[in-house]
Amino acid sequence: MSRASSSAAGSAAAAPGSDRLWDSPLGRRLLGLGIWSLVVALWEWLTQSGNAPDYLVAPSAIVVTLARLAADGELWTHMAASLFRVAIGLSVGAVAGTLIGLLAGVNRAVELYFDPIISLTYPVPKIAILPILMAWFGIGDLSKIVIIITAVFYPTFINSYYGAKGVALSHLRAALNMGASPWRVFWRVVFPASLPQILTGLRIALALSFIVLFAAEMIGARSGLGYLIIVAENNLRFDIMYASLLTIGIIGLAADRGLLALRQRLLAGRPDAGSRR
Amino acid sequence: MAQLEITGLRQEFGRAGRTVVAIGGFDLAVEEGEFVALVGPSGCGKTTLLHLVAGFETPTAGTVVLDGAPIRRPGPDRGMLFQDFALFPWRSVIGNVTWGLEVRGLPRAERERIAERYLDLVGLAAFRDAYPSELSGGMKQRVALARVLAFEPRILLMDEPFGSLDAQTRELMQDELTEIWQRAPLGRKTVLFVTHDIDEAIYLADRVILFTARPGRLKRIVAIDLPRPRAATVRKSPEYTAYRNLIWDLLREEVLMSRAPSA
């Protein structure tokens with residue numbers, strides 16, 4: 001309210017219509033879009049004029065390659081392989097991490113059991129265990145899925161653990177006072193009370209699962225977008241490398257936006273929802 | 001036999017390697033339909049006593065017996081109001097009030113019917129779909145009261161329920177609680193009301209239970225013989241002032257004693 005009136009007062013003092021557009025949300029968005037369009041245009045011009053090295057492929061050429069990869073089905077095959085691994089690994093790892101994290105937050109025995117294991121293994125870069133996982137589970141989907149499970153377990157465990165630890169004592173007491181069983185308290189108080197932090201953990205897990213998956217696919221796989229990048233590199237096909245990277249970026253953006261939309265839906269009306277970002 | 005019988009109650013806590021005695025031997029009998037205020041210097045164990053009755057803690061020694069059965073765990077026969085309201089922020093107003101009815105396994109339509117009746121009683125029927133974050137402190141405590149009344153406890157436990165409200169809202173809430181408590185549908189439920197506010201205790205209660213400084217023991221029971229139904233005007237009567245002075249002097253002794261260097 002006060003912001004709107006003060007900005008109205010500000011524009012009244014300045015020349016009418018001068019600094020209005022780029023001060024509005026739409027204007028700021030257009031400005032951002034304009035700057036990036038300029039960069040892409042410059043990039044395009046640089047490559048078309050023949051002044052650019054081979055490894056800088058024109059944006060138009062990347063789009064053409066992407067369209068060709070999509071048309072002959074190669075893109076979809078690799079995308080499906082990557083998405084399948086992420087979907088399984090992320091859901092199994094996130095559900096396990098969240099559940100065990102919540103339990104550790106409310107139960108001292110679970111907490112004491114997991115705390116030293118987590119402290120010991122958390123700092124280990126998960127990609128470093130890929131050779132071992134490949135020795136155990138082969139070069140196929142399973143090693144990728146297991147490494148994603150391992151990677152996403154930590155952020156989901158840690159966030160839900162602190163979420164459960166932070167549940168207000170009076171909320172627990174109010175629930176017990178109404179005759180709730182421990183199980184009901186867990187699902188109807190601890191879980192919803194921790195939901196903002198669970199979703200924060202899930203968002204970190206989503207990003208991590210992509211990072212770990214594409215790294216794993218680049219090291220040892222026979223399909224997937226990470227594998228596509230390595231094959232392209234071996235054949236000096238820079239256009240395919242850029243096209244794969246663009247695809248990865250778009251998938252990541254879509255998944256993250258989807259998760260944010262889910263967060264807004266689940267946390268509607270809650271003052272403890274925290275920032276949306 | 002009284003509805004609530006507290007006998008030889010003692011509660012100790014281990015804190016930093018030494019034992020703190022919160023309640024050092026306490027006896028009290030509360031009759032059905034009585035409004036009892038628990039008053040004492042801070043740290044005297046009045047909230048601990050309420051938690052023991054609620055079943056949130058287990059006493060070191062002694063018993064709490066409600067309607068002939070010893071209390072061992074929390075349960076909906078005792079409805080608790082908290083100073084911080086303890087409403088669930090992820091649920092709407094009606095969702096908070098129906099929570100306890102879900103525990104009892106009532107069908108949805110019946111839950112909502114009961115909840116709406118009690119929301120109406122506390123004057124918040126229009127806010128059924130609002131979220132707690134959208135309500136003022138006084139409104140939140142009224143929702144919490146509706147939530148507790150909805151599962152029909154035999155006694156009400158109130159832990160400084162108006163302690164976090166501003167002075168004006170607090171007086172309004174006291175009037176409203178008196179009103180609701182005196183009204184028929186509730187049938188004057190037994191209330192244990194913890195407060196540090198002497199005026200609140202006198203205005204609301206039939207008896208004021210004064211605690212000694214820690215370890216908390218029974219210092220004095222002051223029966224408040226003011227006519228009911230009470231209204232705000234009673235605060236201006238000479239009898240009220242006399243009670244106020246009496247309790248204030250008794251409480252002052254204890255506060256001074258708790259501050260004196262221990263021998």
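I took helices (H or I, at least four residues) and strands (E, at least two) as DSSP runs, numbered from the N terminus.

I noted that this is a predicted model, in which local features need pLDDT of at least 70, side-chain atom pairs count only at pLDDT 80 or more, and totals for chains, interfaces and linings use all residues. Residues are numbered from 1 along each chain as its sequence is written, while chains are lettered from A and ligands numbered from 1 in the order in which they are written.

**Cis peptide bonds in chain B**

I looked up the bond from B:Arg214 to B:Pro215 and found it cis, with omega near -5 degrees; B:Pro215 sits in the loop between β9 (207-211) and β10 (218-223) of chain B. I then found that B:Arg228 and B:Pro229 are also joined by a cis peptide bond, with omega about -5 degrees, and that B:Pro229 belongs to the loop between β10 and α7 (238-259) of chain B.

**Positive phi**

I asked myself where B:Phe85 lies. I found B:Phe85 in the loop between β6 (78-81) and α2 (93-103) of chain B, with phi near 70 degrees, a positive value in a residue other than glycine. B:Phe85 is buried (20 or more other C-beta atoms, placed from the backbone, within 10 Å; exposed is 12 or fewer, and partly exposed in between), since I read 22 such atoms for it.

**Where chain A meets chain B**

I counted residues as in contact if their C-beta atoms, placed from the backbone, lie within 7 Å, and 16 residues of chain A are in contact with 19 residues of chain B. On the side of chain A that touches chain B, the largest share, six residues, comes from α8(A).

Notes: Two residues are in contact if their C-beta atoms, placed from the backbone, lie within 7 Å.
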